Amino acid sequence: MVTLTAPEVPTVDALTDTTVDLGVSSVRELNQAIHNAVDGQSWTVTNPGGKHSLAVGIDADINVAIEGHAGYYAAGMHQKGNVTINGNAGVGLAENIMSGRVHVTGDASQSAAATGHGGLVVIDGNAGARCGISMKGVDIVVGGNIGHMSAFMAQAGRLVVCGDAGDALGDSIYEARLYVKGTVASLGADCIEKPLREEHLAELAELLAAAGRTDNPAEFKRYGSARNLYHFHVDNSTSY
Amino acid sequence: MTITSVPLPAQGVAPQDLAELGLRESATFDRATIADIQRAAATGVYDIRGWGAKRKVPHFDDLLFLGASMSRYPLEGYREKCDPDVVLGDRHATRPLHLQTPVTIAGMSFGALSANAKEALGRGASEVGTSTTTGDGGMTPEERGQSKHLVYQYLPSRYGMNPDDLRKADAIEIVLGQGAKPGGGGMLLGQKITERVAGMRTLPVGIDQRSASRHPDWTGPDDLEIKIGELREITDWKTPIYVKIGASRPYYDTALAVKSGADVVVVDGMQGGTAATQQVFIENVGIPTLAAIPQAVQALQELGVHRKVQLIVSGGIRTGADVAKAMALGADAVAIGTAALIALGDNDPRYAAEYSALGSAAGFYDDFQDGRDPAGITTQDPELSSRLDPVAAGKRLANYLRVLTMEAQTIARACGKSHLHNLEPEDLVALTIEASAMARVPLAGTSWIPGQGSF
Ligand SMILES: Cc1cc2nc3c(=O)[nH]c(=O)nc-3n(C[C@H](O)[C@H](O)[C@H](O)COP(=O)(O)O)c2cc1C
């Protein structure tokens, strides 16, 4: 493990369209610049090289395009703006996102959009385990498959999966709504299939459109909470 | 627990007469144990309660200070300085905390505590220049408003976590565990999930909250290092980052927290309080505060960062003597939970009749999970919480914090120290072999420390 040391904080001139080459500049310089940003500005990040914590803590209506692969926590705690990763993303993509939009054209690793409170996360490829874990209002659209334990303790928000879901989908789920087009390896504790009614088809169509997808909403199944674990009860003792 | 669900003791025989009748209580099956079995048999669910471990474990009471005499001289009580201030988080953060007393207020959530109680904690702490801490449920505007130094907890549940509050925080505390339940997640029962609490946590009103015990987006020290890096990037390297661990393997956990880049390590011993945890967990998991401190300090010393990465110790701190002993063993500061609640008014005898109606008694009340606290502290009931005046309660807490500080200073001066941080293990001896082995200070009157080489 490397020991973290506080780097110097340089000032970057706020231009309206800036390219930051991470082969030359540091992650610190990039993040400081986007924290100082004002609405309407754009950044292109080249040579990301799988570095961690890229474009975290954005709090303005800006656009950031990352040309290549990102490491852990890309676009973490994102707010308001747009981040596009033209590549793959590591663990904890857009973790705790509040609003705005994060789009990954490749695959995302574990815990994508974990604990997200709002906004939209679009993953064109597959997502690993624990996608949408403890989600609290975020919308997630995954073009491919998702791994096991996805939507664990999902509290609110919507998860749309155009491929298959791994084991224990929606374990201990609260009020989030899950839509899966393909197969579900197994459902977690207290997660059940639920009828796909008009209002669900409508919200699904909206989410797919927002993600730029053409899948047919009618081909999905909906999953959610049976609400049997909402109160500690003797009869549930095997589930605790 | 309460005894409402089990038969009351035989009517007509006062407890003090039982021995006279020749009745013998079993040490193995004492009355509390019998009541526990009866309760379990009647309900089929484990007992969930608040407070910390109630069993007796080696503690600060088992240590004594060696005052100055011939070989070293004391400082004069009112003339010579003995500073109590502490700087926390100057390893990596550009905005460390500078507190006027080493006694801080531990993390207790809004939800577990009433809004008035949180406000009172903020008022009391701010009055004496120390910090208070959010909890498993997010930051309230009242709390931010009343707290000069506010530590924002980053927990597995991430209830109410958001970047705006993160940037408003004076420090961030990544919680891996709590002394009352190392390895357990947060708990809040339906009675306390009111509309406001539910809204802050994104939960349905009135449910029994289940929450995760592991963080959702990192596992292990290598990930934690990256996570700390992310939080530093989001806060532009200004905000100190603490890592809080429940004491189980504090030597390794402290070393790994340091390696992961923490500015401050918080170690919470098994006596540490909780708002709601299974009793079996509270009483049987974790190690005593006394045993945890030397292990954590050893890790810091071996890495060459003792006093550079600050150590905050909690779990059963009650007096200025406890504060001084923790610091002499190597802590930079301490945190209090239970004692702070008592200072606000928890377990006050003036509510004796109401505690009794709840099947408890003043001095025994631990049903923090139930939300029916007569003192208005561990409740979300508007009528009950309105009983706690946040100004008066804040004043009581400030008084108590001043007493703790002055008591610690009294001891430090007697040991000839011009700063609380100058207290050292050499100032201490132990009264029992167990305390001597755990605290790694000699048994009083001997040079023997069990477990340290020769004997
Ligand atoms: C009512 C109550 C609520 C608590 N809530 C939290 C919490 O949300 N997060 C946390 O890390 N610790 C929590 N704790 C534990 C305290 O932060 C602290 O570790 C403990 O109280 C210290 O021990 P003491 O009570 O003996 O002083 C809580 C404790 C109490 C009494």
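The model is predicted. Chain B has 16 helices and 16 strands. Its radius of gyration is 22 Å, close to the 23 Å that the globule rule gives for 455 residues, so chain B is as compact as a globular protein of that length.

**Domains and dimensions**
- Two domains are assigned in chain B: domain 1 spans 15–45 and domain 2 spans 60–439.
- The centres of domain 1 and domain 2 of chain B, taken over C-alpha atoms, lie 34 Å apart.
- Along the principal axes, a box of roughly 60 × 60 × 45 Å holds the C-alpha atoms of chain B.

**Burial, contacts and surface**
- In chain B, 59% of the 455 residues are buried.
- Among contacts in chain B with a separation of 6 or more, 67% are between residues 24 or more positions apart.
- Chain B has an accessible surface of about 17,800 Å², and carbon and sulfur atoms account for 56% of that surface.

**Helix 11**
- Helix 11 of chain B runs over residues 320–328 and is mostly covered, with eight of its nine residues buried.
- Charged residues are included in the buried set of helix 11, namely Asp322(B) and Lys325(B).
- Also buried in helix 11 are Gly320(B), Val323(B), Ala324(B), Ala326(B), Met327(B) and Ala328(B).
- The cover over these buried residues includes helix 10 (289–302) and helix 15 (390–414) of chain B.
- Strands also contribute to that cover, including strand 2 (63–65), strand 5 (103–105), strand 15 (333–336) and strand 16 (428–430) of chain B.

Terms used:
Residues numbered from 1 in each chain as written. Chains lettered and ligands numbered in written order. Predicted model: local features only at pLDDT ≥ 70, side-chain atom pairs only at ≥ 80, totals over all residues. Heavy atoms only, no water. Domains from an automatic or database assignment. Helix = DSSP H or I, 4+ residues; strand = E, 2+ residues; numbered from the N terminus. Rg over C-alpha atoms; globule rule 2.2 N^0.38 Å. Buried < 20%, exposed > 50% of the residue type's maximum accessible area, 1.4 Å probe, protein only. Contact = heavy atoms within 4.5 Å. Areas by Shrake-Rupley, 256 points an atom, 1.4 Å probe, with all protein chains shown as cover.
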